[in-house]
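Student: Hi! I have just opened a new structure and would like a friendly walk through it. Can we start with a pair of strands?

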Amino acid sequence: MSAEQPTVLLVEDEPAQREVLSYNLEAEGFRVVRAENGEEGLMLVDEEAPDIIVLDWMLPKVSGIEVCRQVKTRPDTRSTPIIMLSARSEEVDRVRGLETGADDYVVKPYSVVELMARVRAQLRRARPSAAGLVLEYEDIRLDSESHRVTRAGETLKLGPTEFRLLSTFMEKPGRVWSREQLLDRVWGRDIYVDTRTVDVHIGRLRKALCQHGGGDPLRTVRGAGYALG
Ligand code: CA
């Protein structure tokens with residue numbers, strides 16, 4: 001499994017719908033994590049730091065609207081796109097869905113092809129490195145296509161792991177990543193790596209970022225992990 005694979009969190013209580021969507025999302029090359037109620041969905045938002053959330057409106061325990069509201073009010077998850085699914089087609093619900101902060105809204109029964117297109121579109125917008133674009137943070141510039149990183153115009157030498165770490169940080173500046181989340185994202189979850197390995201590579205990344213001067217842009221968050229800025 002590739003570490004570059006975008007993660008989709010699918011929150012849907014109907015098993016048949018969940019199966020069909022998981023199958024299609026995996027066929028599109030996504031890594032899919034599934035939740036069958038809103039409570040589990042919120043837990044997986046924390047554990048998995050998904051790139052995008054496909055969220056059913058009517059859910060047991062915590063409703064889709066409430067999940068959406070919580071994700072969109074938290075600074076670390078606010079920029080994660082949410083596509084809401086609903087059996088209701090009334091215009092008033094569409095408005096309520098968008099007011100809650102959902103990025104897109106799809107009414108059931110939907111076309112799977114269309115839903116996949118919308119997932120890709122939201123992801124392109126939210127995670128440009130997956131689409132081969134340039135990410136910028138202050139004086140750091142990362143070109144995910146040419147794998148070139150510069151700081152204040154000077155080329156930085158980075159190992160492949162440090163490059164993937166930096167891409168992850170630059171996709172969501174300010175977001176705090178736990179060591180486990182970084183392991184999943186950068187090394188891939190099928191590989192066993194000790195969490196201390198993350199610290200070693202963070203150390204190398206810090207050194208690499210400062211090789212031509214400039215301050216250390218990475219922040220150690222005690223008991224939580226690391227963040228850029
Ligand atoms: Ca439902």
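This is a predicted model: local features need pLDDT of at least 70, side-chain atom pairs count only at pLDDT 80 or more; totals for chains, interfaces and linings use all residues.

Student: In which sense do strand 6 and strand 7 pair?

Tutor: Strand 6 pairs with strand 7 (residues 140-143) in the antiparallel sense, over 4 bridges. Two strands pair if DSSP finds at least two bridges between them. Strands (E, at least two residues) and helices (H or I, at least four) are DSSP runs, numbered from the N terminus.

Student: What is the order of the strands in that open sheet?

Tutor: The order is 6-7-8-9, with 4 strands and antiparallel pairing. Strand 6 (134-137) and strand 9 (154-156) each have a single partner strand, so one side of each is left without a neighbour in the sheet. From one strand to the next, the twist averages 25 degrees.

Student: Which helix lies across strand 6, strand 7 and strand 8?

Tutor: That is helix 6 (residues 160-171), running at about 110 degrees to strand 7. Axes here are lines fitted to C-alpha atoms, for helices over the stretch in contact (heavy atoms within 4.5 Å). The angles run from 0 to 180 degrees between N-to-C directions.

Student: Now the start of the chain. How many bridges join strand 1 and strand 2?

Tutor: Strand 1 (residues 7-11) and strand 2 pair over 5 bridges, in the parallel sense. Thr-7 has Arg-31 of strand 2 as its bridge partner. Between the two strands the chain passes through helix 1 (residues 15-27), and this β-α-β crossover is right-handed. That term means that, with the strands pointing away from the viewer, the path from the first strand over the helix to the second runs clockwise.

Student: Is strand 2 mostly covered or mostly uncovered?

Tutor: Mostly covered: 4 of the 5 residues in strand 2 (residues 31-35) are buried. Buried means under 20% relative accessible area, exposed means over 50%, and partly exposed is in between (1.4 Å probe, protein chains only). Across the chain of 229 residues, 49% count as buried.

Student: Changing topic: which residues are the protein donors of the calcium ion?

Tutor: They are Asp-13 (OD), Asp-56 (OD) and Met-58 (O), at 2.1 to 2.4 Å from the ion. Donors are N, O and S atoms within 2.8 Å of the metal (3.2 Å for Na, K and Ca), and sites may look incomplete because water is not among the atoms. Along the chain, the donors follow the spacing D-x42-D-x1-M.

Student: Is Asp-56 buried or exposed? And what about Met-58?

Tutor: Asp-56 is buried, at 3% relative accessible area, whereas Met-58 is exposed at 51%.

Student: How many disulfides are there?

Tutor: The count is 0 disulfides, a disulfide being a pair of cysteine sulfur atoms within 2.5 Å. As for cysteines, Cys-68 is buried at 0% relative accessibility, and Cys-210 is partly exposed at 26%.

Methods:
Residues are numbered from 1 along each chain as its sequence is written. Side-chain values use heavy atoms; hydrogens and water are left out.
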